[in-house]
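Colleague: Could you walk me through this model, one feature at a time? I would like to learn how to read it.

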Amino acid sequence: MKTLKIAIQKSGRLNEKSVEILKNCGLSFENYKSSLISTVTNFPLEILFLRDDDIPEYVQDGIADLGIVGENVIVEAKAKVSYLQKLGFGKCTLKIAVQATSNIKNLEELNGKAIATSYPVILEKFLKEKGIKSDIRTISGSVEIGPGLGLSDAIFDIVSTGGTLKSNGLKPFADVMQSEAVLIGNKSITDNPEVAELLQRIRSVLSAKS
Ligand code: ATP
Ligand code: ZN
């Protein structure tokens with residue numbers, strides 16, 4: 001029997017809940033903080049601890065059979081994977097925000113404006129659907145400081161409470177995408193019996209919760 005591999009986030013917002021759901025499925029493993037791989041002792045499964053950004057590609061390429069990662073990261077990576085199950089945690093919204101003092105009122109007014117983001121793929125898709133042409137400026141983090149520094153007219157980012165926006169003189173302008181953690185699988189493993197067993201256990205953990 002081939003040992004399956006599941007990739008989860010090594011540390012960050014999804015790590016704890018990812019470990020918890022696997023433990024609640026009755027899987028026994030050491031949650032090593034220093035190691036990148038952990039072997040489940042009572043199921044043919046290995047757990048790979050990775051940066052979340054790498055998970056969609058690892059699953060697409062079959063280095064891992066399964067993965068737990070935010071939908072936003074999967075869409076941004078343009079990964080070709082199977083969505084097996086939404087997991088109900090890591091919920092967030094990706095929004096366009098503008099300066100609190102801005103008089104931009106509708107989406108059309110973003111035409112020709114500069115938008116700073118770490119999610120250019122998702123933003124480009126949204127703007128294209130709306131027929132809007134903005135100048136997308138890709139930066140890897142701290143996009144909120146862009147408008148204040150005159151680097152961009154707007155930003156596109158994950159917004160949870162809105163506190164970070166507010167403290168940078170910004171206000172939410174348009175919701176673009178809702179995201180939560182999902183279980184994904186490599187396109188070729190979906191009829192694997194161990195995957196089916198694991199998926200069934202995950203679903204019963206989820207339904208016991210709700
Ligand atoms: P890594 O070191 O693995 O690259 P990261 O810093 O990119 O981690 P985290 O901040 O841990 O990522 O967020 C992981 C995921 O959690 C996000 O991609 C998103 O799907 C989800 N998430 C939920 N709420 C939030 C939030 N308030 N801010 C950022 N991400 C959130
Ligand atoms: Zn990341």
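Colleague: Which residues surround ligand 1 closest?

Modeller: This is a predicted model, where local features need pLDDT of at least 70, side-chain atom pairs count only at pLDDT 80 or more, and totals for chains, interfaces and linings use all residues. Residues are numbered from 1 along each chain as its sequence is written, while chains are lettered from A and ligands numbered from 1 in the order in which they are written. A residue is near a molecule if its C-beta atom, placed from the backbone, lies within 6 Å of it. Here 15 residues surround ligand 1, and the closest are Gly12, Arg13, Gly70, Cys92 and Ser160.

Colleague: From which domains does the shell around ligand 1 draw at least three residues?

Modeller: Domain bounds come from an automatic or database domain assignment. The shell draws at least three residues from each of domain 1 (4-90 + 180-209) and domain 2 (92-179). The centres of the two domains, taken over C-alpha atoms, are 30 Å apart. Their contact (C-beta atoms, placed from the backbone, within 7 Å) takes 8 residues from domain 1 and 8 residues from domain 2. On the domain 1 side, helix α3 (residues 71-77) gives the largest share, 4 residues; helices are DSSP runs (H or I, at least four residues), and strands are E runs of at least two, numbered from the N terminus.

Colleague: Which residues of helix α1 are buried?

Modeller: Buried means 20 or more other C-beta atoms within 10 Å of the residue's own, all placed from the backbone. In α1 (residues 15-24), Ser18, Ile21 and Leu22 are buried. They lie on the same side of α1 because they cover an arc of only 100° around the axis, taken from the directions from the helix axis to the C-beta atoms. The buried residues of α1 pack against β1 (4-9), β4 (66-70) and α7 (193-209).

Conventions. Two residues are in contact if their C-beta atoms, placed from the backbone, lie within 7 Å. A residue is buried if 20 or more other C-beta atoms lie within 10 Å of its own, exposed if 12 or fewer, and partly exposed in between; C-beta atoms are placed from the backbone.
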